[in-house]
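Here's a quick briefing to read alongside the model. Keep the viewer open and follow the chains as we go.

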Amino acid sequence: MNARTLFIPLTLFVVIAFLIGPFLIIVAASFSAGETLAFPPQGFSLRWIAKVFTVESFRASFGMSLFLAIGGTAAALIMGIPASYALSRYKLPGAEVIRTVVSAPIIVPGIIVGLALLRYIVVPFGVGISLALFLAHTALVLPYAVRVVSASLDNLRSDIEEAAVLLGSSRLGAFFRVVLPNIRGGILSAFILGFVTSFNQVPVSLFLSGPGVRTLPIDMIAYMEIVFDPSVAALSSLLAFLSIGIVFAAERFLGFSRYV
Amino acid sequence: MSDQSYLSLEKLTLAYGDTVAVADLDLDIRRGELIALLGPSGCGKTTTMRAIAGLLPVKSGRVRLDGADITHVSPNKRAVGLVFQSYALFPHLSVYENVAFGLRLKGMRGADLDARVQQGITSVGLSNFANRRPAELSGGQQQRVALARSMVMEPKVLLLDEPLSNLDARLRLEMRTELQRVQKETGVTMIFVTHDQAEALALADRIVVMKRGAIEQIGSPQDIYNRPQSSFVADFVGFENVFALEGGKLKANGHLYDLQGDVPSVAGLAWRPRMVALGEGPFRGTVRGTSFAGDRREYLLDTPLGPIKAEDDASAPVHELGTELAFDLPARKAAPLASFA
Amino acid sequence: MARADISLQGLAWILGSSPRMTAQLDTGEDPTMFQNRAEALALALPAAIFAAAVFLVPVLILLSDGFRTPVGGGWSLSAYTEFFSSPLNQTVFLRTLRLGAIVTVVSAVIGYAAAFAIVSLEPSTKGKITGLVVLPLMISPVARTYAWIVILGRTGIVNQAFQAIGISDAPLRILFSETAIFIGLLQLFLPLMIISLISALENMPRDAIPAARVLGANWFQVFWKVVLPLTREGLVIGGTLVFTGSLTAYITPAILGGSKVLMLETLMYQQVSVSGNFVSASVIAFILIVMSFAANILLKRLATARNRRAPGRSASA
């Protein structure tokens, strides 16, 4: 066995152990029977997994996060699909400006976005925290929506729309009959990417929390500062498996990675 | 409407943004004719075709079809078919659904629809492929679907954008035959755009040669091939040696040369390589390059006139590189050019 | 981390020029039916106006706050001189810069090794291993960071192991230190570097390495003169992602650094939520943004400079 054949598996083992190991430890710790977070787990039980479902604030913040992830992504797509269409099909004056403005929320650190919203939208206009969170998450997901949908539009030749029109379809009809069915995969991928991004998002939401209004990751951080039991580990494992499951299903059925 | 002008373009001006692509173009096309729009890229042939389809708004002038002014009729109401260069099949629909697309929009349903679609698919020899997706077909098959999809709509004019350019040599011949058959059977008026003179010569009833947004020459394939009117057309159809005339003398590199025989009073003369007589004549040149091409041998000569391309029979003795040769540009063989640019 | 990590891929999209795959919108010869500007604007403006109103304008106002004079309506840099005159702020600023740089360099070194190993695998194994590398990106950063508490804590695995084999008697304090933040950030962002380098290596001309070998280069020269110049774009993208991600990380320093070992982002949160100091928050925000952009420009420069110098050096080598 020469150095090269040894180098490859060894490197991969170390790197993957470093990347995945902590996650496996979290999963193991969540089945612990002990009172505190520890590894190796003390005994085996499902008590902490069960406990996750009984914590009232988790349920509320999970609902909030779910609403933001679904609603925010949907809103971003409703604005993002037409924008992507315009950017990828038309020679638009100022296209680069529009593209930059729409993509900007990705470049600026989320904590700044959250703070700016708090100070200049929430406070002066009396906007509710829930609405502010919704706006923030929509803005956050918008770049992904535009980017992923644009990519799938760019892969679709625009002359199929001309063909549809020459065969008697209206412009709008051509969009719904031949464009939309062909970018469905891209739209779904954008949705999933947006969902995961929004759901895991912390910094944007940091300053945007009010009485009873909190996203799940923020709630988890708050909880772990007070209680050092394995329930956050259990919740983390559950969420991780949920998002891995969604992404894998998407990859399996849509070829998700083609779009992202 | 006269039969002479089933489709007519009158003083058509087309612009792309502020750039004028086609200016004041007049063209009359007879019913059932097979027309080739021939020219290099950027000559406005595709732009003209798209304007006929209605995909490009007309800046000024008119388009008339079958007696009606369709200049401002939207493309979905024109009864003009277009076979795209990329075929533009709908990737998410089967062959059957691609062909049925336009008919369904017309409101056709049930047995009528099925019969028409089946007939369309069968006529292009794809009846076994009705349920395939476009991605599962070869390029040639995709093109047949595109052709069937347009033809079932019974268009008044069928436009084809570079119909043979994406096919390999064998399929090209097949498709050429196919297009001629379809045209003969249905009598549809066809206009196709091409940059390939061989394609135009082989297929068209009439060829419209375009240059920089204007028509350079219209004529039968024989006319275009044998009697180009301008240096541009001559060059385009394979007259490799094109010269201007001045006072009955050939003008090259700023000098005037006498030609043997009667010189017509035209703007220029053009010779194909095989029209150049090698071995004797008033001109001399040095063999710069030579290549064997099966039945003939091609020569590139360095001459005071500039580079000259000539051909000889393959059986004739070979002139080696560097040999000095006499040659003649016989005026009686040359194509007379009315204009020289 | 300032962005959920997946969002860093988005940054990659923006930083990396995205070649448009289609050429059908080619100019000149092929005019399309998509020429109506009013139509195009009507489609694009809602998204642009939304992003401007909800994001761009508030952020710009926030940033401008840092350039205001404390009293009156003038402009000044006093907030910046004040910010940098505080020793605490200096420490935090330098720590952020240092951690960002170290994490970037270490991830590049590990990233090249891992990416090389991965691209040399059979296609089917390659897919699975790449999947494992990408997997952490789908897991909530809170969960990923949280795991390090279990590993690095006083009764964590590392301390248990150290005591068992006798490296130390008492539990070491690893958590709430720069080391802990470094480990957390590296784990968080390494996948982005590896992915960037994998695609860069795969886009390298197939025979570049064998060609260099045949011409007599040793492995070090192959890496330095062939691989590095040819993958520099991937390195720039990966490096910018990792550096920017590390600078603007929030969760990792918040959980693994605690309230004592601050980075700019956690300092900013503290300034706002504890002292209500919005001006200094604005200053930090501006610094973060400037640093992100500067990193990108610097990395690009470094990559091209290396490339230009390459021929002269190979002559002397």
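What follows is a tour of the chains and the places where they touch.

This is a predicted model, so treat it as such. Chain A and chain C are helical, with 11 helices and 0 strands in chain A and 14 helices and 0 strands in chain C. Chain C puts 74 residues in contact with 82 residues of chain A, while 14 residues of chain A are in contact with 18 residues of chain B.

**Chain A on its own**

- Going along the sequence, chain A reads α-α-α-α-α-α-α-α-α-α-α.
- Its C-alpha trace spans about 70 × 65 × 30 Å along the principal axes.
- Of the 260 residues in chain A, 55% are buried.
- Take the contacts in chain A with a separation of 6 or more: 73% of them come from residues 24 or more positions apart.
- On confidence, chain A averages a pLDDT of 87, and 96% of the residues score at least 70.
- Confidence in chain A is highest in helix α3 (residues 56–89), at 94, and lowest in helix α11 (residues 231–254), at a mean of 83.

**Chain C on its own**

- From the N terminus on, the elements of chain C go α-α-α-α-α-α-α-α-α-α-α-α-α-α.
- Chain C has 317 residues, and buried residues make up 44% of them.
- Residues 24 or more positions apart supply 75% of the chain C contacts with a separation of 6 or more.

**A helix pair inside chain C**

- Have a look at helix α4 (residues 87–119) and helix α11 (residues 232–247) of chain C, which pack at an angle of about 145 degrees with their axes 8 Å apart.
- The crossing of α4(C) and α11(C) is right-handed.
- On the α4(C) side, the contact is made by Thr96(C), Leu99(C), Gly100(C), Val103(C), Thr104(C), Ser107(C), Ala108(C) and Gly111(C).
- Facing them from α11(C) are Leu235(C), Gly238(C), Gly239(C), Val242(C), Phe243(C), Ser246(C) and Leu247(C).
- Sorted by class, the contact of α4(C) with α11(C) holds 7 nonpolar, 8 polar and no charged residues.

**Where chain C meets chain A**

- On the chain C side, the elements that give two or more residues are α1 (6–15), α2 (37–65), α4, α5 (123–138), α6 (141–152), α8 (178–202), α13 (264–273) and α14 (278–316).
- α2(C) brings the largest share of that side, 17 residues.
- The side of chain C that touches chain A splits into 59 nonpolar, 10 polar and 5 charged residues.

**Where chain A meets chain B**

- On the chain A side, α7 (159–166) and α8 (171–200) are the elements that give two or more residues.
- α7(A) gives the most, with 6 residues.
- By class, the side of chain A that touches chain B has 7 nonpolar, 4 polar and 3 charged residues.

**The two domains of chain B**

- Chain B is divided into domain 1 (3–233) and domain 2 (238–337).
- Their C-alpha centres lie 39 Å apart.
- In chain B, 6 residues of domain 1 are in contact with 6 residues of domain 2.
- The domain 1 side of that contact has 1 nonpolar, 4 polar and 1 charged residues.

Conventions: Residues are numbered from 1 along each chain as its sequence is written. Chains are lettered from A and ligands numbered from 1 in the order in which they are written. This is a predicted model: local features need pLDDT of at least 70, side-chain atom pairs count only at pLDDT 80 or more; totals for chains, interfaces and linings use all residues. Two residues are in contact if their C-beta atoms, placed from the backbone, lie within 7 Å. Helices (H or I, at least four residues) and strands (E, at least two) are DSSP runs, numbered from the N terminus. Ala, Val, Leu, Ile, Met, Phe, Trp, Tyr, Cys and Pro count as nonpolar, Asp, Glu, Lys and Arg as charged, and the others, Gly among them, as polar. Domain bounds come from an automatic or database domain assignment. Axes are lines fitted to C-alpha atoms, for helices over the stretch in contact, and angles run from 0 to 180 degrees between N-to-C directions. A crossing is left-handed if the near helix is turned anticlockwise from the far one by less than a right angle, and right-handed if clockwise. A residue is buried if 20 or more other C-beta atoms lie within 10 Å of its own, exposed if 12 or fewer, and partly exposed in between; C-beta atoms are placed from the backbone. pLDDT is the predictor's confidence in each residue, from 0 to 100.
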